[in-house]
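Hi,

Here is the structure I promised to pass on to you. Have a look at it first, and then read my notes below.

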Amino acid sequence: MKAFILAAGRGSRISKYIPNIPKCTVDVGGIPLIRQTVEMLLENGIDPTVIVGYRHSEVERVLKDLPVHLVYNPFFDVTNSIGSLWMAENAGLFTGEDCIIANGDVYWSQEILDFMLKQPEEVFLLADSDRVYDGDYFFGTENGILRRYGKELTLEERDCEYTGLAVLRAPFVPVFLKRLNELIDAQCHGKWWEDAIYSLSREMEIPVKDIRGRFWAEVDFIEDYRRILDHISEKTGKRINGSIITPHNR
């Protein structure tokens, strides 16, 4: 299995609270977030590729001693994540295996990875039905199938928050890449990589798997980051200061 981690963006919504670093390198209990993710994947025999852009040398530095593929998107400031993932595809890194695709600013755990690996479907997105009122991007599902998606879904239209994590099994990968390339050819560089899956949901059923009760958080807002530190503090029994965000010096 391979994993593709999107880590090219800056993170404008949290940037005023952090130093001039990529948000995927914030410290989470003594380790950069992106490094924790990559180490978890490697420990499970999964081959990781990280697509970098904004201050890419900072991401490369915290991963420098790990066996990880790095792809640089020099156009990170004018493309969205669809452009970053296309660069990994154009570099020949999609080679027929099952894939995890993850946004690099997401804190997730071995428990969630184990859950993902047990699911049999050819494609699925992860969402959390505990987060309906508070969240950033929502799904509306029917019997576990994606029907609606967006930031502006009303409470009546949504029933879970998207986590930024997905699995594509080998038979689905060519379908996904075909749509990804169609969107790139149509100059849809401002879209997210997920838009390839969203557009396919109008033609086929895309399952959504609920990870309710399992902790995760996307580092978009200062409140998200503090939720992560509080979670780590609870797990370790050591209080971690959530009021200061600093880059890791490892």
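The crossing of α3 past α5 is left-handed. Keep in mind that this is a predicted model. The axes of the two helices, α3 and α5, come within 10 Å and cross at roughly 120°. Angles over 145 degrees would count as roughly antiparallel and 65 to 115 as roughly perpendicular, so α3 is oblique to α5.

Which residues meet there? From α3 come Ile82, Gly83, Leu85, Trp86 and Glu89, and from α5 come Phe176, Leu177, Leu180, Asn181, Leu183 and Ile184.

Now for the nonpolar cores. The largest one has 37 residues, and Leu85, Leu125, Phe139, Leu168, Phe176 and Trp193 are those with the most contacts inside it. The elements giving two or more residues to this core include the strands β1 (2-7), β4 (99-103), β6 (123-128) and β9 (160-168), along with the helices α3 (81-90), α5 (173-185) and α6 (194-200). Which element gives the most to this core? That is α5, with six residues. Another core lies apart from this one; it has 30 residues, among them Cys24, Leu63, Ala102 and Val167.

Leaving aside neighbours within four places in sequence, Leu168 is in contact with Asp98, Cys99, Ile101, Glu122, Val123, Val173, Phe176 and Ile197.

Happy exploring, and write back with any questions!

Best wishes

Key:
Residues numbered from 1 in each chain as written. Predicted model: local features only at pLDDT ≥ 70, side-chain atom pairs only at ≥ 80, totals over all residues. Heavy atoms only, no water. Core = buried A, V, L, I, M, F, W, Y, C linked by side-chain atoms within 4.5 Å. Buried < 20%, exposed > 50% of the residue type's maximum accessible area, 1.4 Å probe, protein only. Helix = DSSP H or I, 4+ residues; strand = E, 2+ residues; numbered from the N terminus. Contact = heavy atoms within 4.5 Å. Axes fitted to C-alpha atoms, helices over the stretch in contact; angles between N-to-C directions. Parallel < 35°, antiparallel > 145°, perpendicular 65-115°, else oblique. Left-handed = near helix turned anticlockwise from the far one by under 90°.
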